[in-house]
Amino acid sequence: MAEPAELEARLTSLENHLRTENPILLSAVRSFRKLDAISRRLGFLEAGESHATRIPWWPLVAILGTYSSGKSTFINDFLGQPVQPTGNQAVDDRFSVLCFGKEEEVRVLPGVALDADPRFPFYKMSRAIEEISAGEGSRIDAYLQLKACSSEVLRGKIFIDSPGFDADQQRTATLRVTDRIIDLSDLVLVFFDARHPEPGTMQDTLQHLVAETIHRTDSSKFLYVLNQMDHTARENNPEDIVGSWQRALAQKGLTAGRFYCIYSPGAAITIEDEALRTRYEQKRDVDLAEIHGRMRQVEVDRAYRVMGVLEHSARDIELRLVPRLLEMISEWRRRVRWLDGIAFGSLFLVVLVWTLWTGEWNGFQFTHPFWSALGSQPAWGYTVLAVGALVAGYVHHSFRRFVANRVLKEVGRELGGARDGEVMAALAAGFRKNTRPFRNVFAGRPSGWNQRTRQQLSQVITEANGYVQALNDRFANPGGTMDAPPPVAAPPADDPPAQPAA
C-alpha cells in the first residue's frame, strides 16, 4: 500500500497527463476521488489506496502464447520495426513492455523503470513478486523490461510481449505476473503454433490460458490465434490442424468466439502452388485485418472500460459490499451478545448461589458477611466494583476479538477464490473498522453508511453514465442529426493549474 502523499502524487500526475490527452477521463479521475472518499469513510480503503490505481489508464494489449509461436514476429510486423528478437527457440525470458519513444533507436530499459513509474501498470510490481517468492522482488529486472520505439502505432497505448508460455515449468511469480497482465489488458492475443499440431501434450498450458479465462465477464477481449499456418501448406491439411486445435480448446470449455489462422507475410515459407498460396493469403489477410482492427480499437475500449469500472465499483459498494458487511456485523453482534449473556449470566448465577448458600436468614431478613463488610467500607466496595468492571470489560473485548476473527475466517473461506481477493480485503478492512474497541455492539448500520453516502454513490453512478454518453457522442449519433457533440465539461474553477506530466 502506498503512502497518502505518494498516492496523491500519482493521481495528480495522472490528471496532469489527461488534461490534454482525454478530458473525459480527467473528469472520471475526479469521480474516482469521490468514490475513494466514500470507501475510506466505510473502511473499505486505507488512506494510501484508491480505486483509480487499480486499473491502467493507458490502453493495454497483451500477447501471450507458447514458445516459438511467432509472437515476436507478429509484433515486429505490426510495429514496422524489428523491436523484438525472433527465433525458433526461447529468445527472451522476460515480459517486454513496449511503449512509444521519441528516439529513432529502440531504447531498452531495466524492469525498475516500470516498477518505479506510477504511469505504468507494473508500478510496485516488485512488492507483489516478493509476497509470492521471498527474495525475488529485488530481481525485478529478471521479470520485466521496458522498450521504447518510435512506431506511430504505439502512440497512446502499451504492448506487452510475454516470454514463451509453459505452465509446467513456469515459476509461480511468472504465472502471477501473467494473471495480472490478463486482468489489466484491454485485448489479449493468445498464440499457438500450427507447426506443433499436438495440443494434447500441453494440457497445463491450455488450462491456464483458456480454461481459466472463458468464464470471465471480459472474455470477449481474448483472441485465440493459430500462427505460422503457412507450414501446413506442405501437407495441404490446414482444416485437420485447425480442427485438432479447436477440439483441444473445446475440451477446455471454449466453444464460442473467433479462432484466427495467420502467418507472417515477411517470414512465410514459399508456397509453390499458386491457387493454394492465394487461398492461404486470402484467409491470412482477412484474419490479420480483423486482429489489427481490434488492436487499433483499444483506445476506445480502454475509455469505456474505465467508465465501466467506475460505475461497477460504485454499484458494488451499495449492492455487494455494504449488504455483506452488514451481515458480518450482525452475525458478530449476535455472537458477542450471546457470549456476553452466557458468561455474565453464569457469573451472576454463581454469585447468587454462593451468596444464598453462605448467607444467613434471620426471619425474613437475609445477611451475608462479605456484602455487609463491603457496605460498611465504601472504599473497598468501590475497589471491588472497579476491578469487576475492568475484568468484565476485558472479557467482553476478548469475546469481540475472538468472534471477529472467527467471522473473518468463515467469510475468507467462502471468498477464497483469487478473483474475490479485493472484495475480501475491502470487507475485512470495513469489518475491522466496525468492530474496533468501543464500537457499540448494538449499532444497527455500518459506520459511515447513511443517506448522504447513498446520495454520493448515486451521484458517482450518474456521472459515470454521463461520461459514457459523452464517449458515445464522439463515435455515434443515435438521432441522426448533424449537430456537433456537446463539449466536455470544463474543469472546476478551483482545479489546480496544469503541470507537465512526470
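Strand 1 and strand 5 are paired in the parallel sense over four bridges, pairing being assigned where DSSP finds at least two bridges between two strands. Strands (E, at least two residues) and helices (H or I, at least four) are DSSP runs, numbered from the N terminus. The structure is a predicted model, in which local features need pLDDT of at least 70 and side-chain atom pairs count only at pLDDT 80 or more, whereas totals for chains, interfaces and linings use all residues. Residues are numbered from 1 along each chain as its sequence is written, and side-chain values use heavy atoms, with hydrogens and water left out.

Six of the six residues of strand 1 are buried, so the strand is largely enclosed by the rest of the structure; buried denotes under 20% relative accessible area, exposed over 50%, and partly exposed the range in between (1.4 Å probe, protein chains only). L60, A62 and L64 point one way from strand 1, while V61, I63 and G65 point the other way, and all are buried. In a regular strand the side chains alternate between the two faces of the sheet.

Strand 2 is likewise mostly covered, with five of its six residues buried. Strand 2 pairs with strand 4 in the parallel sense over six bridges, and L98 stands opposite K147 in strand 4. Strand 2 and strand 5 run antiparallel and are joined by three bridges; here L98 stands opposite F159 of strand 5.

These pairings belong to an open sheet of eight strands with the order 3-4-2-5-1-6-7-8 and mixed pairing. Strand 3 (107–110) and strand 8 (259–261) are the edge strands, each pairing on one side only. Neighbouring strands of the sheet are turned by 25° against each other on average, direction ignored; axes are lines fitted to C-alpha atoms, for helices over the stretch in contact, and angles run from 0 to 180 degrees between N-to-C directions. Helix 8 (residues 238–251) lies across strand 6, strand 7 (222–227) and strand 8, and runs at about 155° to strand 8.

Helix 3 (residues 71–79) is largely enclosed by the rest of the structure, because seven of its nine residues are buried. The buried residues are K71, S72, F74, I75, N76, F78 and L79. Their cover includes strand 1 (60–65), strand 2 (95–100), strand 4 (144–149), strand 5 (158–161), strand 6 (187–193) and helix 9 (274–296), contact being defined by heavy atoms within 4.5 Å. Helix 3 is followed by G80, which has a positive phi near 75°.

In helix 6 (residues 172–184) lies V177, which counts as buried because its relative accessibility is 2%. Leaving aside neighbours within four places in sequence, V177 is in contact with F95, F122, M125 and I129. V177 and M125 are 52 residues apart in sequence, with a C-alpha to C-alpha separation of 8.4 Å in space.

The largest nonpolar core contains 93 residues, of which W57, F122, L226 and F431 touch the most other members; such a core is a set of buried Ala, Val, Leu, Ile, Met, Phe, Trp, Tyr and Cys residues joined through side-chain atoms within 4.5 Å. Helix 10 (residues 298–358) supplies the largest share of this core, 13 residues. A second, separate core of 22 residues includes I75, L223, L288 and I291. When residues up to four places away in sequence are not counted, F431 touches L325, M328, I329, W332, A404, V407 and L408.

For the protein chain as a whole, 14 helices and 10 strands are assigned. Of its 502 residues, 46% count as buried. Among contacts between residues at least 6 apart in sequence, 79% join residues at least 24 apart. The accessible surface of the chain comes to about 26,300 Å², and 55% of this belongs to carbon and sulfur atoms; accessible areas come from the Shrake-Rupley method with a 1.4 Å probe, and for residues only the protein chains shown count as cover.
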